[in-house]
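Let's walk through this one together, from a single side chain out to the whole fold and back again. Have the sequence and the model open as you read.

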Amino acid sequence: MAAVVADTHVAVWYLLSAKNLSLNAQRAMDDAAKAGDPVYVSSISLVEVVYLVEKGKLPRVVLDRLTSALSEPTSGFLIAALDFPVVSALPQISRDMVPDMPDRIIAATALHLGLPLVTRDSKVINCEGLPLHPFPSDSRSLQ
């Protein structure tokens, strides 16, 4: 199974074909698509993008592409709800290690789903207990 959970940056960069996305992260996302497996995006990522667009930190096209991908059944992108099982996994993501609540929710989503998290966040990458990514050169998550 090639399914992954993409953090907010990774999902946005992938949809925009941005050069900020590492080759390993690109490969993880592409592998999921080729296998017909989903790329999960936490609902908190959608909230973050709305917030950043409203603040003028991201252009509107970012929100449009993300909502389009999440609405299109053939895109491979699926929304992962912030629900009770994710909330139940949240205490396993140390607040001392990952102080930002949206990042903790995204990590808890990956933990709950038992899927590798594709992220560039070093605090999240170093968080114990998250699913490991299958690429042998990557010890935890992808950037």
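This is a predicted model: local features need pLDDT of at least 70, side-chain atom pairs count only at pLDDT 80 or more; totals for chains, interfaces and linings use all residues.

Start with Val 61, which counts as partly exposed at 36% relative accessibility. On the scale used here, buried means under 20% relative accessible area, exposed means over 50%, and partly exposed is what falls in between, with a 1.4 Å probe and protein chains only. Val 61 sits in helix 4.

Residues are numbered from 1 along each chain as its sequence is written, and side-chain values use heavy atoms, leaving out hydrogens and water.

Now zoom out. The protein chain has 7 helices and 4 strands, which come in the order β-α-α-β-α-α-β-α-α-β-α from the N terminus. These elements are DSSP runs numbered from the N terminus: helices are H or I with at least four residues, strands are E with at least two. The radius of gyration is 14 Å, close to the 15 Å that the globule rule gives for 143 residues, so the chain is as compact as a globular protein of that length. (The radius is taken over C-alpha atoms, and the rule is 2.2 Å times the number of residues to the power 0.38.) Those C-alpha atoms fill a box of roughly 35 × 30 × 25 Å along the principal axes.

How much of the chain is buried? Buried residues make up 46% of the 143. As for contacts (heavy atoms within 4.5 Å), take those with a separation of 6 or more: 58% of them join residues 24 or more positions apart.

What holds the middle of the picture is nonpolar core, meaning a set of buried Ala, Val, Leu, Ile, Met, Phe, Trp, Tyr and Cys residues joined through side-chain atoms within 4.5 Å. The largest has 23 residues, and Met 29, Val 39, Val 49 and Phe 77 touch the most other members. Strand 1 (4-6), helix 1 (8-16), helix 2 (23-35), strand 2 (39-42), helix 3 (43-54) and helix 4 (60-71) each give two or more residues to this core. A second, separate core has 21 residues, including Ala 3, Val 86, Ala 108 and Ala 110. Back to Phe 77: leaving aside residues up to four places away in sequence, Phe 77 touches Ala 11, Tyr 14, Leu 15, Met 29, Val 39, Val 41, Ala 69 and Leu 70.

Ala 110, from the second core, belongs to helix 6 (residues 101-113). Ala 110 is buried, with a relative accessible area of 0%. Pro 59 is 51 residues away from Ala 110 in sequence and 27 Å away in space, C-alpha to C-alpha.

Ser 17, in the loop between helix 1 and helix 2, is exposed at 63% relative accessible area. Ser 17 also has a positive phi of about 55° although it is not a glycine.
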